[in-house]
Structure formats: structure tokens, C-alpha cells
Amino acid sequence: MDAFKAAWENQVRILTDAVDDITTIDDFLAVSESHILEDVKTCVRAINEGDPDTLDRIAGAIRGRSSRVCHVVAAEMDNYEPCVYTDRVLEAVKVLRDQVLPNFAQRVDVAVEGLTNSAAGGGGNSRGKDVDENEFVDASHLVYDGVREIRMAVLMNKADDELDPDDVLMDEYHTLEMRSKSSAHTVDTTIDEYPGVSGITTARDAMRNLSEEDKEKIATQ
């Protein structure tokens with residue numbers, strides 16, 4: 001049995017490594033974030049339905065996904081020279097791993113215990129007075145926000161034309177931030193070739209304002 005377990009775990013590691021090799025860090029983080037959000041919703045439903053088993057199981061999945069995000073991103077940063085970018089990403093990883101996840105685990109234990117006690121006391125699907133749903137929801141959203149912060153920090157090293165439009169659209173604030181930073185570092189070096197003509201700066205602008213007939217005349221010359 002132990003030999004079978006060891007062989008199975010080894011095959012799982014091989015499969016995981018193979019998937020990691022063909023999956024970009026951006027895609028991995030986007031998928032992980034989406035799954036965690038769905039898991040959070042499932043946990044909240046489990047509390048409302050007084051289901052401690054589902055809550056404990058799905059909360060464990062959230063911790064597992066989040067821990068893997070931290071591990072994969074930290075390993076990815078090893079491919080870069082230490083800089084402001086890597087410091088920012090690793091700081092986001094540290095916050096999630098050392099602060100957010102322990103707090104989440106504590107809230108899960110309290111919620112599971114409260115639901116279990118309520119069920120044992122014949123409370124049916126009542127959440128029980130020991131379960132503070134708002135505190136659990138806050139702790140869950142902190143996990144989701146922590147993973148999101150890591151993904152945004154990773155994406156900050158990408159140029160605008162390298163970003164997946166779907167990834168950028170998932171965070172409007174990030175989009176605006178990227179655009180503002182881009183515009184802040186852009187210097188207008190265009191020389192006004194027609195200073196006396198309003199609305200026309202270069203020959204390209206002048207051509208754009210010509211009628212189709214004039215453009216055809218120029219093309220035939």
C-alpha cells in the first residue's frame with residue numbers, strides 16, 4: 001500500500017510539473033483566482049445551509065490553491081534578478097502566506113466548530129450563534145484579494161501590448177493605472193511642420209485631410 005501511495009504521489013508530481021511547463025504564469029494565476037472566487041461563494045453557501053463538512057472541505061481547497069499560488073510565484077521570481085519588481089511581487093506573496101491565510105484558517109476553524117455544535121444541538125441548518133458569517137466573508141475576500149494582488153503585481157512587468165485583454169479587463173483599476181503610468185512616461189516629440197495651420201501638424205495629417213479626388217491626383221503623379 002505504501003509503495004502504491006509513493007508511486008501515485010510521484011506520478012502526480014510529474015503530471016503537475018508537465019502542466020506547469022506548458023502553462024504561463026499569467027494563465028495559472030487567472031485560473032487560480034477564478035477558482036478561489038467560486039470556492040469562496042461555495043463556503044458562504046455552506047455556512048448559510050449549516051453544512052460544516054462542505055465548508056471544511058472547500059476552505060481546505062482555498063488554502064491549497066492559495067499556497068500553490070505562493071509557491072509557484074515565488075519560484076517564478078527566481079528567474080529574475082532582484083529588483084523593485086520582484087520585491088513587490090514577493091511582498092504580495094508574503095502578505096498572503098504569512099498574514100491572510102493564517103487568519104482565514106482561524107476563521108474557518110471557528111465557523112466549522114460553530115456549525116458542528118449547532119448541528120449537534122439539534123439546530124438543523126441554523127448557522128448557530130457562534131458563527132459570524134460577516135467575519136468569515138471578510139476573511140475569505142482577503143484571500144481572494146491577496147491572490148489578485150499577486151497577479152496584478154506579476155502583470156506589472158508586462159508591457160501593454162503583451163497583456164491578455166481578458167486579464168486586463170478583469171481589473172479596471174489596473175488598466176487605468178497601466179495607462180496613466182504609460183502616459184506619464186511618454187514625451188511628445190512631434191515637430192509641428194505646419195505651425196500656421198490649425199489641426200495639422202505633420203504631412204501625414206495633411207494627407208489625411210485631403211479629399212479622395214486630391215489623393216488620386218497625387219497618386220497618379
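The model is predicted: local features need pLDDT of at least 70, side-chain atom pairs count only at pLDDT 80 or more, and totals for chains, interfaces and linings use all residues. Residues are numbered from 1 along each chain as its sequence is written, and side-chain values use heavy atoms, with hydrogens and water left out. The chain holds 9 helices and 0 strands, where helices (H or I, at least four residues) and strands (E, at least two) are DSSP runs numbered from the N terminus.

**Overall make-up**

- Along the sequence the pattern reads α-α-α-α-α-α-α-α-α.
- The chain has 221 residues, of which 32% count as buried; buried means under 20% relative accessible area, exposed means over 50%, and partly exposed lies in between (1.4 Å probe, protein chains only).
- Of the contacts between residues at least 6 apart in sequence, 59% join residues at least 24 apart, with contact meaning heavy atoms within 4.5 Å.

**Nonpolar core**

- The largest nonpolar core has 37 residues, and the members that touch the most others are L55, V73 and I150.
- Two or more residues of this core come from each of α2 (25–48), α3 (52–77), α4 (84–120) and α5 (133–155).
- The biggest share is that of α4, which gives the most to this core with 12 residues.
- A nonpolar core here is a set of buried Ala, Val, Leu, Ile, Met, Phe, Trp, Tyr and Cys residues joined through side-chain atoms within 4.5 Å.
- In soluble globular proteins, nonpolar side chains tend to be buried together.
- Leaving out residues up to four places away in sequence, V73 touches I25, L29, V89, V93, I150 and V154.

**Helix lengths**

- Helix α2 has 24 residues and should span 34 Å at 1.5 Å a residue; its end C-alpha atoms lie 35 Å apart, which agrees.
- The expected span is 1.5 Å times one less than the number of residues in the helix.
- After α2 comes G50, which has a positive phi near 65°.

**Helix packing**

- Two packed helices are described by the angle between their axes and the distance between the axes.
- Axes are lines fitted to C-alpha atoms, for helices over the stretch in contact, and angles run from 0 to 180 degrees between N-to-C directions.
- Helices α2 and α3 pack at about 160°, with axes 9 Å apart.
- The two helices α2 and α3 are therefore roughly antiparallel; angles over 145 degrees count as roughly antiparallel, under 35 as roughly parallel, 65 to 115 as roughly perpendicular and the rest as oblique.
- The crossing of α2 and α3 is left-handed, that is, the near helix is turned anticlockwise from the far one by less than a right angle.
- For α4 and α5 the packing angle is about 165° and the axes are 9 Å apart.
- This makes α4 roughly antiparallel to α5.
- Helices α4 and α5 also form a left-handed crossing.

**Buried positions in α3 and α5**

- The buried residues of α3 are P52, T54, L55, I58, A59, I62, S66, V69, C70, V72, V73 and M77.
- These buried residues of α3 pack against α2, α4 and α5.
- A59 belongs to α3 and is buried, at 0% relative accessibility.
- Not counting residues up to four places away in sequence, A59 touches C43, F104 and V108.
- From A59 to T42 the C-alpha to C-alpha distance is 9.0 Å, at 17 residues apart in sequence.
- S140 sits in α5 and is buried, with a relative accessible area of 0%.
- Apart from neighbours within four places in sequence, S140 is in contact with V40 and F104.

- S34 is in α2 and is partly exposed, with a relative accessible area of 38%.
- The C-alpha atoms of S34 and R148 are 9.6 Å apart, although 114 residues separate the two along the chain.
- Q99 is in α4 and is exposed, with a relative accessible area of 52%.
- Between Q99 and V143, 44 residues apart along the chain, the C-alpha separation is 9.7 Å.
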